[in-house]
Amino acid sequence: GSQGALILNTRIGEAILELAERSKNFQVIHITGSAAATEEMQKLYQELEIESYVNDFEENMDKAWTAADLSITRAGASSISEQIEMEVPGILIPYPHAMDQHQEKNADFMVNDVKGAIRMDQKKLDAVQLAKCIAHFADSDRAEVRKYKTNIRNYKQKNRCRDLCSVVCEVTGQKLR
């Protein structure tokens with residue numbers, strides 16, 4: 001998250017330790033949200049000899065999204081819209097205290113409608129489970145990444161033809177005349 005998420009940074013660090021036991025054949029772009037977390041994560045990646053770019057905030061998110069094969073994020077509307085636009089599959093971990101559980105709804109949309117992500121709940125999140133989920137995308141010659149990218153692309157193509165008037169009527173509950 002843009003303001004940092006201590007639990008996500010912690011679990012991702014632990015998951016990286018799990019993954020590094022199997023292979024170090026991956027790179028990481030890690031936007032932490034805080035200077036303290038950035039320093040901690042930089043040390044971890046250096047110790048494990050994993051190629052990484054770690055920063056507390058990224059002004060050029062378009063470049064980060066372009067370089068990414070997989071994202072691990074909260075399920076805010078901005079993150080999801082960027083994920084769809086850039087066609088990057090993801091692991092979504094909704095913030096459990098978000099107003100009206102909107103992040104859970106966003107994650108469910110991305111999983112069930114777009115079919116471009118896997119949802120993990122923060123309350124049950126542990127490093128082993130997260131590492132397995134990441135490996136799920138990396139194993140089998142990246143076939144899962146391609147499948148999810150295709151799902152996102154297909155969703156975009158199917159829904160791009162809707163006109164603005166139809167969307168406004170749908171959102172406001174009005175009938176199209």
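**Ground rules.** Residues are numbered from 1 along each chain as its sequence is written. As the model is predicted, I took local features only at pLDDT of at least 70 and side-chain atom pairs only at pLDDT 80 or more, while totals for chains, interfaces and linings use all residues, and side-chain values use heavy atoms, without hydrogens and water.

**Sheet.** I looked up an open sheet of 3 strands and found the order E3-E4-E5 with parallel pairing. Strands are DSSP runs of E, at least two residues, and helices are runs of H or I, at least four, numbered from the N terminus. Two strands pair if DSSP finds at least two bridges between them. E3 (71-73) and E5 (117-119) are the edge strands, each with a single partner, so one side of each has no neighbour in the sheet. E3 and E4 (residues 90-92) run parallel and are joined by 3 bridges. Ser71 stands opposite Gly90 in E4.

**Helix H5.** I found H5 lying across E4 and E5, at about 135° to E5. Contact means heavy atoms within 4.5 Å. Axes are lines fitted to C-alpha atoms, for helices over the stretch in contact, with angles from 0 to 180 degrees between N-to-C directions.

**Aromatic pairs.** My search of the whole structure gave 2 aromatic pairs. One of them, Phe109 with Tyr155, is edge-to-face, at 5.6 Å centre to centre and 80° between the planes. Phe109 lies in H5 (residues 102-114) and Tyr155 in H7 (residues 143-159), so the pair ties together parts 46 residues apart in sequence. Rings of Phe, Tyr and Trp (its six-membered ring) pair if their centres lie within 6.5 Å; planes under 30 degrees apart count as stacked, over 60 as edge-to-face and the rest as tilted.
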